[in-house]
Amino acid sequence: MKKVFCVGELLIDFVAENQGSDLSKAIKFTKKAGGAPANVACAISKLGGRGIFIGCVGEDPFGHFLLDVLKAENVDISLTQLSDTFTTLAFVSLAEDGERDFVFSRGADRELDYDPLLRKSFKDNILHLGAATALLGGPLEKTYSKYLFDALTKEMFISFDPNFRVDLWKDEEETFIKKCMPFVEKSHLCKFSLEEAQLISGIADPEQACDFMHEAGAKIITITLGAEGTLLSALGIKKIIPSIAVQPVDTTGAGDAFIGCLLHQISDLGNFDPVFEQFDLLEKMVAKANKAGALTTTQYGAIAALPTKEQLEP
Ligand code: ATP
């Protein structure tokens, strides 16, 4: 089984308990582990795979809390760095008008240093770049580009999820798009939400958006469509792969469960050739990943709601 290196942010989400008021009025907050690339590493390990998280947290109680959460999910955290800078914190509340009120206190996640020695262990494994905060600048952004280069030279399977967060890119969407493109060009697999595919391609129609991304270089594209399932585009074929019917209570983490499950199945292959040759194999993998995404919506929270291998059995 191949290793899946997931690079990016791990942070604390402080979610206001009294939803319906903005942050200035919020009194109580629930502390939750957050960060899409970390969720993906958890999703892989929970399915019995080899999820490795590469990120940076502060040498403080929040950083240690986050590492304990990942450890409890059997994620390999040996490559996670500790910094003197405080752990990154996000505070979020839903105001009365339904708008998200958001304060982001960026700390240690941006400090991730590049490790040239890692290249050796990259060979023939999988690299997942789940951008989110990584394109916001700082050492992490430089580290991202260097690992992308290393992955290309070490024949890794490269996966990219832009994880666009509107709160982080207000009035800076053009910069976000420009920064995403090198990753779209060089990744074997790109996972987008519909909104991300439309934003990055500038095209409303999802099938045409896929054509744009393929022309840029992406080999396999998935556009997640919530309850409708996933649009899979590869090998000249486009098809919506339906999901299963569920009663959702919280959609947080569904996309991370989806890409984690897909990468876990790819990590189980002896080599990567079949995913570039067999659409029906990809289709089966996406159907299973849809189920992982769907099941995640049936419980509260992201990491706690990620399914186990047994839950995905037919
Ligand atoms: P995120 O908000 O985590 O970034 P996303 O927008 O990328 O997620 P979604 O489309 O919400 O991802 O969900 C990922 C996958 O999970 C979908 O493609 C679908 O297969 C499955 N899924 C999500 N919500 C539902 C639902 N309500 N019913 C059935 N399946 C669902």
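## Exercises on salt bridges

D124 is partly exposed, with 33% relative accessible area (partly exposed lies between buried, under 20%, and exposed, over 50%, using a 1.4 Å probe and protein chains only). This is a predicted model, in which local features need pLDDT of at least 70 and side-chain atom pairs count only at pLDDT 80 or more, while totals for chains, interfaces and linings use all residues. Residues are numbered from 1 along each chain as its sequence is written, and side-chain values use heavy atoms, with hydrogens and water left out.

**Exercise 1.** Find which residues are linked with D124 in a network of salt bridges.

*Solution.* 
- Start with the term: a salt bridge is a side-chain nitrogen of Lys or Arg within 4 Å of a carboxyl oxygen of Asp or Glu.
- D124 pairs with K123, whose closest N and O atoms are 3.7 Å apart.
- K123 also pairs with E155, here at 2.5 Å.
- The network is therefore made up of K123, D124 and E155.

**Exercise 2.** Work out which parts of the chain the pair K123 and E155 ties together.

*Solution.* 
- K123 sits in the loop between α3 (119-122) and β9 (126-129).
- E155 sits in the loop between α4 (139-153) and β10 (157-160).
- The pair thus ties together parts 32 residues apart in sequence.
- Helices (H or I, at least four residues) and strands (E, at least two) are DSSP runs, numbered from the N terminus.

**Exercise 3.** State how far apart the closest N and O atoms of R110 and E111 are.

*Solution.* 
- In this salt bridge they are 3.2 Å apart.
- R110 is partly exposed at 30%, and E111 is partly exposed at 23%.
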